[in-house]
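The following exercises are to be worked through with the sequence and the structure at hand. Each task is followed by a solution in steps.

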Amino acid sequence: MDPHREALQRIVSNLANKNGEIHNFIDMLNHTIKNVQVNSSNAISELDEEFDGLYSLLDEMKGSMASTIQQEEARKVQALQEQLSQCSNALESSEELLELAAQSLDIKDPVEFLKAARQIKERVTMASAFRISLKPTVSDSMTHLMVDFTLERRLLQAVNFLPVPKAPEIDLAACLVADNCITVSWRMPEDDGRIDHFVLEYRKTNFGLPRVKDEQPWELIDYIKATEYTLSGLKFDTKYVNLRVQACNKAVAGEYSDPVTLETKAFVFSLDSTSSHLNLKVEDTYVEWDPTGGKGQEKVKGKENKSGSSLRSGGPSPKRTPVNTRSSVRGSRDRFTGESYTVLGDSAIESGQHYWEVRAQKDCKSYSVGVTYRNLGKFDQLGKTNSSWCIHINNWLQTTISAKHNNKTKTLDITVPDRIGVYCDFDGGQLTFYNANSKELLYTFRTKFTQPLLPGFMIWCGGLTVSTGLQVPSAVKTLQKGENVLSGSTGSLNNTA
């Protein structure tokens, strides 16, 4: 093709694209104009409502204050009228007495005159004219009910549109991450009495600094009235949580605060379905004993349970769609066999302090919860080797709970809890089991761990649900002394204070 024609075609194409962009921009401008008009109309309507409310309030206040003035007027007038009536009666009586006295002066008989004089004197003594006050009981002043709206007028003259709230400042030192809860505290850079509420947003992340790409969406908590909020019931399945806050008044939300990042340490693992015993059905954090030995059963690999809430509450195992038969999965599931109905976690512990919880079904006959080195044999059971430690619960015939290690057993005189908490301090050489509800100590192993540890579980007749992504509870951290100890290094049973 002719180079000039190609160049012209490119120009035509570019012009067509540019025209399309301009058309789109024109549409956007027209849409923006309509929005401006609509929003302006809404703003005027809201302004009318606010001023109408202000007028209504002023009229109400005027009526109330006028009523107060009228009541004070009526009170004073009534008091003065009562005093006026008393004075009129006294004057009338005094005039009658005066007329009588003048007539008595004309009496010629000394005896009669003396008698009349005495009567007049007695009446004068008792006359109301000499007992009433000639000072008004109330004044005519009403200055105590005068008003001066100079200050209010200045305030009204200063009324303006609501300002956009400033961004809050998160107080990182006051923020707390504990017991799978995050308490966030913030403050405003300056007092603002028009703040109506706050909005808190958070998101989980595995990156120390906030990123724009490859991040999960923000989750929102709205209408927070205080300057502190606690996020509870979280599962810490990431390393960090980003947080930010914005302030809102009646009209508009302000800018977000600078995001902060809090570290959320927790141990997260799933059950390793690829190496579990054939008589176990495994899905994510749930394991169930299967007496059929895997015939016609599905082996779920890493699929997230869509009924996770029922599983975590100890509910029945979810329905599974068969995808493999025993013959097709035997080669990949021969890690444990015989009576070692075992499944391990898929993440190893090599350092630090970690915590997880286990809930058994009520009809579970026998199960063990603990940790093991990777060298656990295919026929080995938890607690029967020198490289595994566990708590064993037996509900067959009678209920017993015992601590096991190196094929040694110590029966514990305690009630079997609904949920068992497992605390592993790898560096400190401590494995402790708790009642997860009351945080009561069940048992502690002390040893020196020399290899990475895997969470281990044995189950027979029943099912177990494992809760991971949990922080070490504060109550667990405080329990350090007074526990029974089974020494993994010597294999001896003893008690310590």
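## Exercise 1: An open sheet

In this predicted model, four strands form an open sheet in the order 5-4-7-8, with antiparallel pairing.

**Solution.** 

## Exercise 2: The surroundings of Ile182

**Task.** Locate Ile182, decide whether Ile182 is buried or exposed, and state which residues Ile182 touches.

**Solution.** 
Step 1. Ile182 lies in strand 3 (residues 181–187).
Step 2. The relative accessibility of Ile182 is 0%. Buried means under 20%, so Ile182 counts as buried.
Step 3. Residues up to four places away in sequence are not counted. Among the residues that Ile182 then touches are Leu176, Val177, Tyr229, Leu234, Phe236, Val241, Leu262 and Thr264.
Step 4. Thr264 is 82 residues from Ile182 in sequence, while their C-alpha atoms are 9.0 Å apart in space.
Step 5. For the protein as a whole, residues 24 or more positions apart account for 67% of the contacts with a separation of 6 or more.

## Exercise 3: Strand 18 and its partners

**Task.** Describe how strand 18 is covered and how strand 18 pairs with strand 17 and strand 19.

**Solution.** 
Step 1. Six of the six residues of strand 18 (residues 430–435) are buried. Gln430, Thr432 and Tyr434 point one way, Leu431, Phe433 and Asn435 the other way, and all are buried.
Step 2. Strand 17 (residues 419–425) pairs with strand 18 in the antiparallel sense over six bridges; the bridge partner of Gly421 in strand 18 is Tyr434. The two strands form a hairpin with four residues between them, and Gly429 in the turn has a positive phi of about 65 degrees.
Step 3. Strand 19 (residues 441–446) also pairs with strand 18 in the antiparallel sense, over five bridges. Here the bridge partner of Thr432 is Thr444. This hairpin has five residues between the strands, and Lys439 in the turn has a positive phi of about 60 degrees.

## Exercise 4: The nonpolar cores

**Task.** Which residues of the largest nonpolar core touch the most other members, and with which residues is Leu431 in contact?

**Solution.** 
Step 1. In soluble globular proteins, nonpolar side chains tend to be buried together.
Step 2. The largest nonpolar core has 40 residues, of which Trp356, Tyr367, Leu431, Phe433, Leu453 and Phe457 touch the most other members.
Step 3. Apart from neighbours within four places in sequence, Leu431 is in contact with Val371, Trp389, Val422, Tyr423, Cys424, Tyr443, Thr444, Phe445 and Phe449.
Step 4. A second, separate core of 21 residues includes Ile195, Phe236, Ala247 and Val260.

## Exercise 5: Salt bridges

**Task.** The structure holds eleven salt bridges. Decide whether Glu357 and Arg419, and then Glu169 and Arg187, are buried or partly exposed.

**Solution.** 
Step 1. Glu357 forms a salt bridge with Arg419, and the closest N and O atoms are 2.2 Å apart. This pair links distant parts of the chain, Glu357 in strand 12 (residues 353–360) and Arg419 in strand 17, 62 residues apart.
Step 2. Glu357 has a relative accessible area of 10% and is therefore buried. Arg419, with 19%, is buried as well.
Step 3. The side chains of Glu169 and Arg187 meet in a salt bridge of 3.9 Å, N to O. Glu169 belongs to strand 1 (residues 169–170) and Arg187 to strand 3, 18 residues apart.
Step 4. Glu169 is partly exposed at a relative accessible area of 38%, and Arg187 is partly exposed at 43%.
Step 5. Glu169, Asp171 and Arg187 are linked in a network of salt bridges.

Note on methods:
Residues are numbered from 1 along each chain as its sequence is written. This is a predicted model: local features need pLDDT of at least 70, side-chain atom pairs count only at pLDDT 80 or more; totals for chains, interfaces and linings use all residues. Side-chain values use heavy atoms; hydrogens and water are left out. Contact means heavy atoms within 4.5 Å. Buried means under 20% relative accessible area, exposed over 50%, partly exposed in between (1.4 Å probe, protein chains only). Two strands pair if DSSP finds at least two bridges between them. A nonpolar core is a set of buried Ala, Val, Leu, Ile, Met, Phe, Trp, Tyr and Cys residues joined through side-chain atoms within 4.5 Å. A salt bridge is a side-chain nitrogen of Lys or Arg within 4 Å of a carboxyl oxygen of Asp or Glu.
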